[in-house]
Amino acid sequence: MTTSEERTSERGGRDSHIDASRDSEFDLSAIPINKIFTLIFIHDKNKDQLLLGEKQRGPLLGQWNGFGGKVERSLKETVAESADRELAEEAFIRATPDLFPIGHIQWVVSTPADPSQSPPKPQKQPYRDVMVVYKAHGLEKISPPPSPSPTESQVLSTGHSDNKDEFVPSDEMAPAWWPVSKLPWESMRINHKVWYPYMLSDRPYRGVYWYNVTLDPAVKAANAQRESIKEIWVEDLKRRRVQFGPRISSLDSDATTRGHDDLEKYSSLVFGKDSPPSLSESVSEATYAGAPIECGTMDMGWLLGAVKQAERDLGLCFV
């Protein structure tokens, strides 16, 4: 039976809830998948610190994020195996205990027809990318492969733990612990911020971001410049839906955390006294459907099923 929380309307007026039994706005299997990505976080709850990596090369040089990358079809790997591989390659660590999925994000990208081209370009078929967010509460280090010294173009991690030399940087990322209360949001992805409290408090979540690609050359140039600073396509974001579920109580490891819900605490640390802000001053809250809502049936079972569905949709027939 649908609860009153699941019927909460984000837009006001007519009931606009998502029927969790149908997942009508989250089941996008009719839209072809372009790529599947993983994003991995290690959250030390005893010290309340998060392991992030500082990007060492490419257009996002110097930005902080979790670890991860694209699922490689040529390696015939599952999404979970890809997450383990990326964590080992980028941070020289493995999760303890095993990584578990905590979030499922889909980006739906539409590109309009472009009559300014000769001949005119027709509207492209929408596609979607899927990002599966994994998490663990502990880690163990593994030996990095022999490699040359970092090049001058690489960023040396500033380090934000008591032991600044605790981790060996890879050619992709330089890991360092950050206190959850002092995450470097000025050098992180804006569109991740809305779901950080759920990730940190062990609440499974899912989201869909709808983008309409801007063809205006001036806007495209501004977006390209922002890729190295804050966000990709922030003006192109037209709508967003995010749901979160009950806390995964089976992850409690001792009496100090058993049954304790940290959502209010982490929401306060991430957003302060404010509610989740809009992604940009040019994108109003009403445009993309407002703050996340709670869904009582959003759980680990849905996440595991969604990952398997994404693998099938991408044609990973070996899984």
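The model is predicted.

**Overall build**

Five helices and eleven strands make up the secondary structure of the protein chain. Of its 319 residues, 47% count as buried. Among contacts in the protein chain with a separation of 6 or more, 78% join residues 24 or more positions apart.

**Cores**

The largest nonpolar core has 33 residues. The members that touch the most others are F41, L50, L52, W195, Y196, M199 and Y205. Take M199: leaving out residues up to four places away in sequence, M199 touches F41, L50, I102, K135 and Y205. Another core, of 25 residues, lies apart from the largest one. Its members include A83, L87, Y134 and A310.

**Helix α5**

Helix α5 covers residues 300-313. Its buried residues are W302, L303, A306, V307, A310 and E311. An α-helix has 3.6 residues a turn, so residues three or four places apart point the same way. The buried residues of α5 pack against the elements below.

| Element | Residues |
|---|---|
| α1 | 79-91 |
| β1 | 33-44 |
| β5 | 100-110 |
| β6 | 127-136 |
| β9 | 205-212 |

At the start of α5, a side-chain oxygen of D299 comes within 3.2 Å of the backbone nitrogen of G301. Just after α5, G315 has a positive phi of about 85 degrees.

Note on methods:
Residues are numbered from 1 along each chain as its sequence is written. This is a predicted model: local features need pLDDT of at least 70, side-chain atom pairs count only at pLDDT 80 or more; totals for chains, interfaces and linings use all residues. Side-chain values use heavy atoms; hydrogens and water are left out. A nonpolar core is a set of buried Ala, Val, Leu, Ile, Met, Phe, Trp, Tyr and Cys residues joined through side-chain atoms within 4.5 Å. Buried means under 20% relative accessible area, exposed over 50%, partly exposed in between (1.4 Å probe, protein chains only). Contact means heavy atoms within 4.5 Å. Helices (H or I, at least four residues) and strands (E, at least two) are DSSP runs, numbered from the N terminus. The expected span of a helix is 1.5 Å times one less than its number of residues. A polar contact is a pair of N or O atoms within 3.5 Å; within protein, one must be able to donate a hydrogen and the other to accept it, and residues adjacent in sequence count only if both atoms are side-chain atoms.
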